Amino acid sequence: MVNKHLLKIKPYQPGRPIEEVKRELGLKDVVKLASNENPYPPSPKVIQALHQAARGVNRYPDGGCYYLRREMARRWKLDPRQLIFANGSDELIIMSLRALTERGDVVITAQPTFMIYAIASKVIGAKIKTVPLRSFHYDLDGMAAAVSARTRVIFIGNPDNPGGQYIPKKQIERFLKKIPKRVAVFMDEAYYEYACQERDYPDTVKLVKRYPNVIISRTFSKMYGLAGLRIGYGIANPKMIDLISRVREPFNVNSLAQAAALACVRDRSYYRGVARKIERQRSYFYRQLTGLGVPFVQTYTNFILIRVGNNARDLAKRLLHRGIIVRDMTVWGLQDYIRVTIGTQTENRKFIKVLKKSI
Ligand SMILES: *Cc1c(COP(=O)(O)O)cnc(C)c1O
């Protein structure tokens, strides 16, 4: 009756919604620092675009995302056929796997890494080969050495979640040279906007021209703060995009998401401001944690791994009961860590205050 691969899958457990925690624990004030969302509201121009688009939701959306595609192609100097839009970049992961792999094929990922890579691969019946991180950095040589005749896709989170590190340009180029062109390299750049100002962060959009096996994945969920609308996009060679498009559902990106994303890319100064605020708050975390003598992993994203000792699960629970949702990393195999999203100044102050009391 059932696709037997499903029986082996542990469902993805997202960070718990604020309302659910309020209801369950009878709390009035709950701060969520668990899903790496942007804590600030969308730009006024995005809200305005949403109001306008709301009047048109009786119609199906534009399946080709015409205006957004045109704007993004211009901005990134791409052929519009090099772009694909998805219902969140999660959907791009799923579409790519459906387009590129069959039952029994092998997918390579790091360990620990973003869980959707493995979950989506298992649904298709692909096998996962994991290559452990080395002090939170990718072991690219190990990943290249793991490639076999059955390997179809390699997932690279850059920067990765939960590690928070990025792979510099030179290492990426050296890696891509070693990977056969029949193996797709899925570069998940969900946190691109937080890392791209680093001098040696790779310009993968340029690499796509030379490497037809590279798929770049980005999202409006993280820095652009549209997590609730679900929109992400992929950049690759037109042939690769054409392949992935064959498994795309006709109206996969809704019209509100398209309108909001277009307004986002046209209001970049607002979002530069948001990114700067988050960077300032990241420094606040570093200072406070250093002051408390609590070890953490330096990060190029809007979340931070904090080493709290072998009671990570209990600590996460204590924080939850005091109205702060964080991620206990034991599910990822990081027994000593919690992952905390960088929030607004008020949220972060509350977190530090409660952490002092709970640790
Ligand atoms: C959050 C996240 C995504 C998913 O983003 P959506 O576009 O909201 O689906 C993808 N990859 C990584 C590494 C993430 O942390």
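**Helix packing, domain arrangement and backbone geometry**

The axes of helix 12 (residues 268–292) and helix 14 approach to within 11 Å and cross at roughly 15°. At this angle, helix 12 is roughly parallel to helix 14, the limit for that description being an angle under 35 degrees. The structure described here is a predicted model. Helix 12 passes helix 14 in a right-handed crossing. On the side of helix 12, the residues that meet helix 14 are Q281, Y284, F285, Q288, L289 and L292; their counterparts in helix 14 are Q345, N348, R349, F351, I352, L355 and K356. By class, the residues of this contact of helix 12 with helix 14 comprise 7 nonpolar, 4 polar and 2 charged.

Helix 14 (residues 345–358) also packs with helix 13 (residues 312–321). Here the angle is about 125°, and the axes lie 10 Å apart. Helix 13 and helix 14 are therefore oblique to each other. The crossing of helix 13 with helix 14 is right-handed. Helix 13 contributes L315, R318 and L319 to the contact, while helix 14 contributes F351, V354, L355 and S358. Of these residues, 5 are nonpolar, 1 is polar and 1 is charged.

In helix 4 the contact involves L92, M95, S96, A99 and L100, and in helix 10 it involves M240, L243 and I244. The contact of helix 4 with helix 10 has 7 nonpolar residues, 1 polar residue and no charged residue.

At the level of the whole chain, two domains are assigned: domain 1 covers 4–41 + 269–358, and domain 2 covers 44–265. The centres of domain 1 and domain 2, taken over C-alpha atoms, are separated by 24 Å. Contact between the domains involves 30 residues of domain 1 and 34 residues of domain 2. The size of an interface is often given as the accessible area lost when the parts come together. For domain 1 and domain 2, the buried area is about 2600 Å², and carbon and sulfur atoms give 68% of this area. Y271, Y300 and W332 together supply 28% of the area that domain 1 buries against domain 2, more than any other three residues.

Several backbone features were also identified. Most residues other than glycine have a negative phi, and most peptide bonds are trans. Elsewhere in the chain, N36 has a positive phi of about 60° although it is not a glycine. N36 is found in the loop between strand 1 (31–32) and helix 2 (44–54).

Note on methods. Residues are numbered from 1 along each chain as its sequence is written. This is a predicted model: local features need pLDDT of at least 70, side-chain atom pairs count only at pLDDT 80 or more; totals for chains, interfaces and linings use all residues. Side-chain values use heavy atoms; hydrogens and water are left out. Axes are lines fitted to C-alpha atoms, for helices over the stretch in contact, and angles run from 0 to 180 degrees between N-to-C directions. Helices (H or I, at least four residues) and strands (E, at least two) are DSSP runs, numbered from the N terminus. Angles under 35 degrees count as roughly parallel, over 145 as roughly antiparallel, 65 to 115 as roughly perpendicular and the rest as oblique. A crossing is left-handed if the near helix is turned anticlockwise from the far one by less than a right angle, and right-handed if clockwise. Contact means heavy atoms within 4.5 Å. Ala, Val, Leu, Ile, Met, Phe, Trp, Tyr, Cys and Pro count as nonpolar, Asp, Glu, Lys and Arg as charged, and the others, Gly among them, as polar. Domain bounds come from an automatic or database domain assignment. Buried area is the accessible area (1.4 Å probe) that two parts lose on being put together, summed over both.
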